[in-house]
Amino acid sequence: MLMSRPNIVNSIIHHLSHEAPKIRVAAVWCIINWTWINSDDDEDALVERINRLRALGVERKLQAMEKDPSRDVRDRVRTALDQLTSIDT
């Protein structure tokens with residue numbers, strides 16, 4: 001799984017601050033995919049991914065991005081934050 005590869009996770013987090021909105025959107029989509037609630041998903045694994053992302057500061061970064069100049073970024077950020085907070089950890 002990609003979450004077990006620190007270089008990939010750190011790269012995605014780094015790209016949340018990229019100057020190009022399309023890159024920021026792509027990075028947020030990765031967060032959305034990592035926090036997607038699937039009927040086949042093991043809830044413990046999902047909680048573990050969410051906790052790891054929070055520990056890496058992703059939730060704070062996304063909260064700061066709620067005022068991004070790009071509407072597409074803001075919309076994706078809302079989705080990602082909703083998913084990060086949808087499960088009690």
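How are H1 and H2 oriented to each other? I started there. Their axes come within 8 Å and cross at roughly 130°, so H1 and H2 are oblique to each other. The axes are lines fitted to C-alpha atoms, for helices over the stretch in contact, with angles running from 0 to 180 degrees between N-to-C directions.

Notes on the ground rules. This is a predicted model, where local features need pLDDT of at least 70, side-chain atom pairs count only at pLDDT 80 or more, and totals for chains, interfaces and linings use all residues. Residues are numbered from 1 along each chain as its sequence is written, and side-chain values use heavy atoms, with hydrogens and water left out. Helices (H or I, at least four residues) and strands (E, at least two) are DSSP runs, numbered from the N terminus.

Back to the helix pair. I noted that H1 passes H2 in a left-handed crossing (near helix turned anticlockwise from the far one by less than a right angle; clockwise would be right-handed). On the H1 side the contact (heavy atoms within 4.5 Å) is made by Val9, Ile12 and His15. H2 brings Ile23, Arg24, Ala27, Cys30, Ile31 and Trp34.

Next entry: salt bridges. I count a side-chain nitrogen of Lys or Arg within 4 Å of a carboxyl oxygen of Asp or Glu. By that rule I get five salt bridges.

I looked up Arg24 again, and its side chain meets that of Asp68 in a salt bridge at 2.8 Å, N to O. Asp68 sits in the loop between helix H4 (58-64) and helix H5 (71-84) and Arg24 in helix H2 (residues 21-34), so the pair ties together parts that are 44 residues apart in sequence. Buried or exposed? For Asp68 the relative accessibility is 9%, so I log Asp68 as buried. Arg24 is also buried, at 9%. The cut-offs are under 20% relative accessible area for buried, over 50% for exposed and partly exposed in between (1.4 Å probe, protein chains only).

Then I went along H5. Arg71, Asp75 and Arg78 are linked in a network of salt bridges. Arg71 to Asp75 is 3.8 Å, N to O, and these two are four residues apart in helix H5, so about one helical turn separates them. Arg78 to Asp75 comes to 2.9 Å between the closest N and O atoms; here the spacing is three residues in H5, again about one helical turn. For exposure, I have Arg71 exposed at 60%, Arg78 partly exposed at 43% and Asp75 partly exposed at 21%.

I checked Val58 up close: leaving aside neighbours within four places in sequence, Val58 is in contact with Ile13, Ile31, Leu53 and Leu84. Glu59 lies in helix H4 and counts as buried at 18%. Not counting residues up to four places away, Glu59 touches Leu53, Arg54, Leu81, Leu84 and Thr85.

Technical notes:
Angles under 35 degrees count as roughly parallel, over 145 as roughly antiparallel, 65 to 115 as roughly perpendicular and the rest as oblique.
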